Amino acid sequence: MKYLHLVWAALFRRKARTFFTLVSILAAFLLFGMLDATRAAFSSGGSVIGVDRLITTSRYSIIQSLPASLATRMQAVPGVKSVGYANWFGGIYQDPKNFVLSFAVSDNYLDIYHEIVLPPEQRKAFEATRTGAIVGEALAKRFGWKVGDKIPLQSTIFPQRNGDKTWPFDLVGIYTPAKGAANGTDQQFFFHHKYFEDANAFQSVGTTVGWYVVKLTSPDKADAVAKAIDALSANSDHETKTQTEQAFNASFAKQLGDIGLIVSAIMGAVFFTLILLTGNTMAQAVRERTNELAVLKTIGFSSGSVLGMVLAEGMLLLLLGGVIGLALAGVLVPIVAKGSGGMLNLPPIGTQTWVLGIVLMLVIGALVGALPAIRAMRLNIVDALAGR
């Protein structure tokens, strides 16, 4: 710390060069913060709340329906407490960009998903209204909906029997997610599967469902129950794949691509470029100060002290730009999430991201400063002062 003023003075010896290098570092760690929030958003489907649930889908594709008759047989499997079901709807509200995560669900769906907290009177209204729908508080806020509104959703897949793709719904409830619920729970729209069956031109009443949700008597029985359920449809034309809710959400997100791999590849390229850029800056800065470093050695600074100061200069450069970049990402992430209209449920920059970011700053700072620092440590005073 006693040499900090010397390190600081050396760092800003060429103010313009340092400024542009800091901007590059800032941009790199701003991108790191934004991309890490995106990765966290896509990997947050697993929730402690859902450890006692399994999801059963078609073995071949999530878009392939399953027979409704499976429900009774699944309910009889030891370890199963209750069985619900749902179907993807994929609605659009008024404008194609206003996509709504909407699902047709069974009557007992809310009993299985107890993290969906709905006032008792609204629950009763939902059960009593054929065209009733409930939405998360964030989704209601996004579109300015309130209880009692008529909500027309246009389906991108399912027309009604009369050929109309616009489905009318009565908003009878606005729910809040319980603490610990999966990210995005408050952005969903639920309505009765019975209404979906009755009006859907592509489906006969009571014949198929999109997927099943299985409530377990104990999370410890998950593997045994999953195998027993899949055995029910073995060697049939509707073989199933039963997995934990966390695994199902992860596989659903991977349909868009391996987000973790994409983020890692982008950041690898960014940080590799950053190492080349800042490494060149540090090497040039040390070359320009050869005489000054020789003077420091002449007046008593040890080779170790010179090595430490050059390394500290590289780390300080990375820390200054990196901390500002991550802080800026922390400000921008909520703004981007809000500006997306709820489609991007980006979590705030957390402690884990900050710790990883600071470690990267220190490691990259040490890497870019290592070669110039070793060169400075081995500097021969006579040769340096003589300009050789």
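**Salt bridges and cavity in a predicted model**

Q: Is Lys 146 buried or exposed?
A: In this predicted model, the relative accessible area of Lys 146 is 52%. A residue counts as exposed over 50%. Lys 146 is therefore classed as exposed.

Q: Which residue meets the side chain of Lys 146 in a salt bridge?
A: The contact spans 3.5 Å from N to O.

Q: In which strand does Asp 170 lie?
A: Asp 170 forms a salt bridge with Lys 150, with the closest N and O atoms 2.5 Å apart. Lys 150 belongs to strand β8 (residues 150–155), so the pair ties together parts that are 20 residues apart in sequence. Lys 150 is exposed at 63% relative accessibility, while Asp 170 is buried at 17%. The strand that holds Asp 170 covers residues 166–177 and is β9.

Q: How many residues apart are Lys 215 and Asp 52?
A: These two residues form a salt bridge whose closest N and O atoms are 2.8 Å apart. Lys 215 lies in strand β12 (residues 211–216), and Asp 52 lies in the loop between α2 and β1 (53–58). The pair links distant parts of the chain, and its separation is 163 residues.

Q: What is the relative accessible area of Lys 215?
A: Buried means under 20% relative accessible area. Asp 52, the salt-bridge partner of Lys 215, meets this cut-off at 15%. Lys 215 is buried as well, its relative accessible area being 8%.

Q: Which residues are linked with Arg 53 in a network of salt bridges?
A: The structure holds 10 salt bridges. Arg 53 takes part in a network of them. The residues linked with Arg 53 there are Glu 115 and Glu 245.

Q: What is the volume of the largest cavity?
A: The structure holds one cavity of 30 Å³ or more. Its lining includes Arg 13, Arg 14, Arg 17 and Glu 313. By class, the lining has five nonpolar, two polar and four charged residues. The volume of this cavity is about 70 Å³.

Q: Which helix gives the most to the lining of the largest cavity?
A: At least two lining residues come from each of α1 (4–11), α2 (15–42), α10 (259–288) and α12 (303–339). Among the lining residues are Thr 281, Met 282 and Ala 285. The greatest contribution is three residues, and it comes from α10.

Definitions and conventions:
Residues numbered from 1 in each chain as written. Predicted model: local features only at pLDDT ≥ 70, side-chain atom pairs only at ≥ 80, totals over all residues. Heavy atoms only, no water. 1 Å grid on protein atoms, 1.4 Å probe; cavity = no way out; pocket = protein on both sides within 12 Å on 5 of 7 lines; lining within 4 Å. Points joined across faces, edges and corners; volume = space filled by probe spheres on them. Helix = DSSP H or I, 4+ residues; strand = E, 2+ residues; numbered from the N terminus. Nonpolar A, V, L, I, M, F, W, Y, C, P; charged D, E, K, R; others polar. Salt bridge = Lys/Arg side-chain N within 4 Å of Asp/Glu carboxyl O. Buried < 20%, exposed > 50% of the residue type's maximum accessible area, 1.4 Å probe, protein only.
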